[in-house]
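Some notes on this model, as numbered points. Please read them with the structure open.

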Amino acid sequence: MLRSSQPLTGPNRKRCREDEMLLGTVLDEGERGFIIDTRSAQAAKQARMTGGGTEPKSFYPQWRRLHRPLERGRPLQESFTKLVEACNDTSINMDRWLSRLESCRWLSHVKAALSTACLAAQCLDREEANVLVHGAEGTDTTLLVTALAQVILDPSCRTLTGFQGLLEREWIEAGHPFHLRCARSAYSHARLKQEAPLFLLFLDCMWQLSRQFPFSLEFSERLLLTLFDNAYASAYGTFLCNNEKERRVGREVGTALCLCKVKESTHSLWAWLNQPGEKQQYLNPLYSHNALVIWPSVEPQSIQLWQGLFFRWIRSSQYLDEAWAEIQRLVEGS
Amino acid sequence: VENVWLLDRLSSRKAALGTLYLTATHVIFAENGSETRKETWVLHSQISSIEKQATTATGCPLLIRCKNFQVIQLVIPQERDCHDVYISLIRLARPVKYEELYCFSFNPKLDKEEREQGWKLVDLNEEYNRMGIPNNYWQISDVNRDYGVCDSYPTEVYVPKSATAHIIVGSSKFRSRRRFPALSYYCKDNNASICRSSQPLSGFSARCLEDEQMLQAIRKANPGSDFIYVVDTRPKLNAMANRAAGKGYENEDNYSNIKFQFIGIENIHVMRNSLQKMLEVCELKSPSMSDFLWGLENSGWLKHIKAIMDAGIFIAKAVAEEGVSVLVHCSDGWDRTAQVCSVASLLLDPYYRTMKGFMVLIEKDWVSFGHKFNHRYGNLDGDPKEISPVIDQFIECVWQLMEQFPCAFEFNERFLIHIQHHIYSCQFGNFLCNSQKERRELRIQERTYSLWAHLWKNRADYLNPLYRSHHSQTQGALYPQMAPCNFLYKFWSGMYNRFEKGLHPRQSVTDYLMAVKEETQQLEEELEVLAERLENLQKSQLNDNKVKSMQQDRSKHLGLSTSNNSLANTPQEYSSDLKSFPSRSPSQGDEEDSALILTQDNLKSSDPDLSANSDQESGVEDLSCRSPSGGGCLPSEDSGKDSDEAVFLA
């Protein structure tokens, strides 16, 4: 599975032999590959007007392109904000709750993300074909798809350390702009242009997987909530800045150069989480290594609202916590 | 009929070819030549509707919808055969006599004494004794011993000490269907009670001294409070409309010391339509999130569930927190009243959250108090307007509570699903007819078997591993959050999509934890035994070698095998776009994804679909009832190699 950003085909259908060759290196003679473009066909076409575009069939004959539009940017942030508002609205009647939930569209985004990730996984696992995933910038929906696909396919990504490795690889090092995307969250009126909850969407999809495969993830919901918290505000440097360059070399703030030197000046979230004393609370007591691919159901009935996150401060989790404590007790007793 | 196709609703590629059989009690589809000889059995009683669809190139489609929400799509090659099957099923699914029902031919091979014992498992007298009755305030009355006062009530009713026979009879004449106020639940901690009745025949201005005395008697039976609540579970408008027909509700001016309260729960017709709409949503092919949420909201189903729950909470709080008695009624006092009283009892008393207690609760508030099982669930062919999912809603309320309070119930979701299944299956005699009187006339207990005995025998399958009788969740009353809590009500896909295996988590946490619990128990017992032996040996001063070898044996046992990793699943249809690509040949093998094989470990022997299968005497001639894998009656189960895995790509 490969990832990239969009090719700069532009309105004049530019071509780039090196790019074609690069993609050609992964395919054998006569083999076919899939390109999963996370923009709609129309959006991808329109991108040409501003210098972007898609891989033209004539230049990339061995690749079949599939469009799976995934929401990103401002509309996704709006969806998130509306959902949080709806969850906090004590005046909604049962009569109108579901339509209100639907109008936020958040669950539709979860469904779309999981479906696309499954599609990528299917190409690899069932078709044994290579896949290239990209959207526009390659920093948002692209990473959502590649990261989820790996969790679906690869049991080592479902262990605590494997998952941390996945996050480092597919989100942090891959350059998801955390600083821009996880800025003020849902309550802010600032409506920042670059803010969008892609990472939260990823965590929500992870939670759906944990619900559908309760034995297959080594970590618990608590880890997902902790990651959510730390992406927005953290005592650790793991989610700082927007990419490796900024973390190492620094970034321009106005006319000054801000030297972040993240690795020298901050502590790593992983180091803290992995301490024997801390680790315990992030583990799933039901975990047992599952070597197989896990295919989630993306039917609407199978996708639920992540109560643990969206109602975290609204309803008591006491009874569910007691249930988990009981599960822990039963499993440890054996 | 041979060469019939059974289609899978979720994925059109999973079609099975086989033979369709119609027997006196079941419809059976047997798959051709598959390694596991998979069979699908459906009781005629379960059939809710049959739809003949337009003939296509492959044949005539026939859609069978069941009361337990199973949907079976068949395609029969010849139109003539299809028509015959259709006509036959229509007749078979609409019996006219009770004797046609399965419970009269079902034979679990128990002797007469065992059958009797089965019926005695739940004893309501014992239950009222457990509550603390009879006592200074409540007594048992035999005024209805020949059903002379109210033919839909039981022979034994519990009434306040100060309610004489005269008062009871007088009150019954002032109540719809003569269903006078009687005791449903008594709280011995504070003497508050829940009583139930039907609506008073008050019209606009009618009064009845005895009925007013009856309510006073209820109030007096609780010295801790100087008033009682009267809860009418209908919407106010409906209740008011009833007044024009000479019925209605209690006027606070006429009845001293009552506080009257409406808690609007819609009627049986609204509920029937609501379920219908929800099932239509379930039948949508590849719905979007929008389709689903809109459809679910339009059905109003969860709103109704919440209304019933809210009513139950109100009553539970009145009894436990305020110490005030409550009289509940609706129109006839056998639908919404039953729902609300049983929910309230469940919230108040942890006994009803045990397996035995739950059986008792259903016997008390549903069976003995004359809920019209026959009319509501169509044992016999009757008026379609009487059909309504009343007890289904109650069962769902229990499930919603189980989701909110996972440690509070001794039983699990499977228990609820099997009970619902058997309410419609008519395999046992508990839920036949409309009243105790009718059941006694038919001598049900002598001619059929009790479901409770059957469930009790298999109780290991129905336990909730998280239940501990001394847990905080299992003591005292349960109070679900009332508001804001819309989100707490979830769609119960385990019930309404029960047969669509692809939708559910493949790995059952409940079953795993039960296995863990059992093994832990066994190990602990073994440890005790070994520790004892060790002591004895040490006492008798044997040499060290023997001691060492025992310790080695012990450590071997302690690893719990979680070998259910071999449960693989298969991807659903995420995309139709991969069609034009050449697929891998199926023979390249899918070893790692070899789907769930039906083994004895995976199947629960108590599953009703299996128990129906295992009856030798149900009138099946040429089929041997036991298929090697233990039944395989769960439709759309992935069995064997999923060899046309990649078909959808072709």
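1. Strand 2 of chain A sends its side chains both ways. Gly33(A), Ile35(A) and Asp37(A) point to one side; Phe34(A) and Ile36(A) point to the other. All of them are buried. Bear in mind that the model is predicted.

2. Strand 2 of chain A has strand 3 of chain A (residues 63–67) as a parallel partner, joined by 5 bridges. Ile35(A) has Arg65(A) as its bridge partner there. Between these strands the chain passes through helix 2 of chain A (residues 41–46), and the β-α-β crossover is right-handed.

3. Strand 2 of chain A also pairs with strand 4 of chain A (residues 130–134), again parallel, over 5 bridges. In strand 4 of chain A, His134(A) is the bridge partner of Asp37(A).

4. Now the nonpolar cores. The largest one holds 202 residues. Trp97(A), Phe163(A), Phe202(A), Phe310(A) and Phe358(B) make the most contacts inside it. Helix 9 of chain B (residues 301–322) gives this core its largest share, 12 residues. A second, separate core has 20 residues, including Val27(B), Cys60(B), Leu62(B) and Cys82(B).

5. One annotation to check. The unreviewed UniProt entry marks residues 513–540 of chain B as a "coiled-coil region". In the model that span is 96% helix and 0% strand. Its end C-alpha atoms lie 40 Å apart.

How values were computed
Residues numbered from 1 in each chain as written. Chains lettered and ligands numbered in written order. Predicted model: local features only at pLDDT ≥ 70, side-chain atom pairs only at ≥ 80, totals over all residues. Heavy atoms only, no water. UniProt positions renumbered as here; feature names shortened; annotations may be inferred. Helix = DSSP H or I, 4+ residues; strand = E, 2+ residues; numbered from the N terminus. Core = buried A, V, L, I, M, F, W, Y, C linked by side-chain atoms within 4.5 Å. Buried < 20%, exposed > 50% of the residue type's maximum accessible area, 1.4 Å probe, protein only. Pairing = 2+ DSSP bridges. Right-handed = clockwise from strand over helix to strand, strands pointing away.
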